[in-house]
Amino acid sequence: MDWQATLDGRSLHLTDKGATRLSVALDEGGRYRIIVPELAELKAILAALESLPLVGVLPANGGLLGAKTVSENFALALHFGQEQADDAQDVRDEELQRALRLAGLPATRLAGIGREQPMNLTRPERWLLGFARCLVLPPELLVFDRAFAGLARREADMVVACAALYAEYHPFRPVMFIDLDTHELPSVGHCRGELRLSEAQEAECPC
């Protein structure tokens, strides 16, 4: 395997051995999906995508730092490397609280969750917190890394609903789902581009 992600103007091209396998039009929104049979291939594709600074990957565990509280995690994300006036920071904090409510966290949970460490939260809560961070600070391409793995149907529906919410707030920023192929993998619908790698294709690969 030799996955690479490159930019051509406002288009991202994902290639393997020099052949373009999937193209993503930036600034046009929409959903894209990649389904692969092997974890090694998935990690190679993710590494290629993450080589571009405009790509943000949301892992299944939310991507928060376990040694810091939820509030400390968001303070780092919202204010790192920035010298802002207090009122500007207050605006960002208000945006974050609104994003957390939109993501589905009830007001009773919001009151105390900031003081907790991510390791003490449920996986769906950690993912929702990571999603809320992306809602406030959206990358140019948001990649959902194995967002459905191990989820019940209702929880998987929540992930799809969050993707729809993201599109409402950032209609010109595309999202990409990348998943391991399983029988229970839910449909995300209305994809502008989809790449599905089969085990037969993997067997042909000499790498």
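Trainee: What distance does helix α5 (residues 123–136) reach from its first C-alpha to its last?

Mentor: This is a predicted model, in which local features need pLDDT of at least 70 and side-chain atom pairs count only at pLDDT 80 or more, whereas totals for chains, interfaces and linings use all residues. Residues are numbered from 1 along each chain as its sequence is written, and side-chain values use heavy atoms, leaving out hydrogens and water. Helices (H or I, at least four residues) and strands (E, at least two) are DSSP runs numbered from the N terminus, and α5 has 14 residues. Its expected span, 1.5 Å times one less than its number of residues, is 20 Å, and the helix is close to this, reaching 20 Å.

Trainee: How many of the 14 residues of α5 are buried?

Mentor: Buried means under 20% relative accessible area, with a 1.4 Å probe and protein chains only. W127, L128 and F131 are among the buried residues of α5. The helix is largely enclosed by the rest of the structure because the buried residues number twelve.

Trainee: Which strands stand at the edges of the sheet?

Mentor: Five strands, paired in parallel, form an open sheet in the order β5-β6-β7-β4-β8, where pairing requires at least two bridges found by DSSP. Two strands have a single partner each, so one side of each is left without a neighbour in the sheet: β5 (55–58) and β8 (191–196).

Trainee: Which residue in β7 stands opposite F144?

Mentor: Strand β6 (residues 141–145) runs parallel to β7 (residues 175–180), and four bridges join them. Opposite F144 stands F177.

How values were computed
Buried < 20%, exposed > 50% of the residue type's maximum accessible area, 1.4 Å probe, protein only.
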